[in-house]
Amino acid sequence: MLSIYYGDMPKAIYNPVVFFKNTYTDDWITDELSREMIYDVDKSIVIGPRIIDSPVLGGISPRELSGGVKTLIAIYKVPDRIFNASACGDNCAKWILKIGELQDVTINLRHLMDFGENTFTAKILNTGQIVHSMDELLPIAGMIVR
């Protein structure tokens, strides 16, 4: 299940890009879900663990992926850590939900991320409430995030 904590959180890793840079391994990149996220968010194709074909930059290393993709992969590969998902754009929201369907993860948000119109399940740690839609999430998050 996906758990979300809004606002300052001392345990959260606030710079997931630096964490990724210093922690990722080749298998993080070649994992099937990682490949899908890289393709969807960055429009890039994983050729191998150290080369990715970007339509904008050409051949790049994993270190040159967007901050959003790096954060998603960190959330997925290190589920026992809490990452600042505000490093992601709304184009990453569906992947955060997908990761939350696959395993228990907690993210930290400092903004109102748009999780889309479909139903989902997330626990808001600040209040203990379970939400299933943006209509349920917005009033709660809006009271916390200012």
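This is a predicted model: local features need pLDDT of at least 70, side-chain atom pairs count only at pLDDT 80 or more; totals for chains, interfaces and linings use all residues.
Me: Contact means heavy atoms within 4.5 Å. Which residues does Leu112 touch, not counting residues up to four places away in sequence?

Reply: Leu112 touches Leu138, Ala141, Gly142 and Val145. Residues are numbered from 1 along each chain as its sequence is written, and side-chain values use heavy atoms, with hydrogens and water left out.

Me: Where is the place of Leu112, and how exposed is Leu112?

Reply: Leu112 sits in the loop between β6 (105-109) and β7. With a relative accessible area of 39%, Leu112 is partly exposed (buried is under 20%, exposed over 50%, partly exposed in between, with a 1.4 Å probe and protein chains only). Asp90 lies 22 residues from Leu112 in sequence, and their C-alpha atoms are 9.3 Å apart in space.

Me: What are the secondary structure elements of the protein chain?

Reply: The protein chain has six helices and eight strands (DSSP runs numbered from the N terminus: helices are H or I with at least four residues, strands E with at least two). Read from the N terminus, the order is β-α-α-α-β-β-β-α-β-α-β-β-β-α.

Me: How many strands does the open sheet have, and in what order?

Reply: Strands of a sheet pair through backbone hydrogen bonds, either parallel or antiparallel. Here five strands form an open sheet in the order β5-β6-β1-β7-β8, with mixed pairing (two strands pair if DSSP finds at least two bridges between them). The edges are β5 (83-84) and β8 (129-131); each has a single partner strand, so one side of each is left without a neighbour in the sheet.

Me: In what sense do β1 and β7 pair?

Reply: Strand β1 (residues 2-6) pairs with strand β7 (residues 122-124) in the parallel sense, over three bridges. Ser3 stands opposite Lys123 in β7.

Me: Is Trp28 buried or exposed?

Reply: Trp28 has a relative accessible area of 8% and is buried. Trp28 belongs to helix α2 (residues 26-30). Leaving aside neighbours within four places in sequence, the contacts of Trp28 are Phe19, Phe20, Thr23, Ser34, Ile73, Ala74, Lys77 and Val78. Ala85 is 57 residues from Trp28 along the chain, with 18 Å between their C-alpha atoms.

Me: Which residues in helix α5 are buried?

Reply: In α5 (residues 93-102), the buried residues are Ala93, Trp95, Ile96, Leu97, Ile99 and Gly100. Their cover includes β1, α3, α4 (67-77) and β6.

Me: What is the phi of Lys43?

Reply: Most residues other than glycine have a negative phi. Lys43 is not a glycine, yet its phi is positive, at about 60 degrees. Lys43 is in the loop between α3 (32-42) and β2 (45-48).

Me: What is the radius of gyration of the protein chain?

Reply: The protein chain has 15 Å, which agrees with the value near 15 Å for a compact globule of 146 residues (taken over C-alpha atoms; the globule rule is 2.2 Å times the number of residues to the power 0.38). The C-alpha trace spans about 45 × 30 × 25 Å along its principal axes. Buried residues make up 46% of the 146 residues. Among contacts between residues at least 6 apart in sequence, 56% join residues at least 24 apart.
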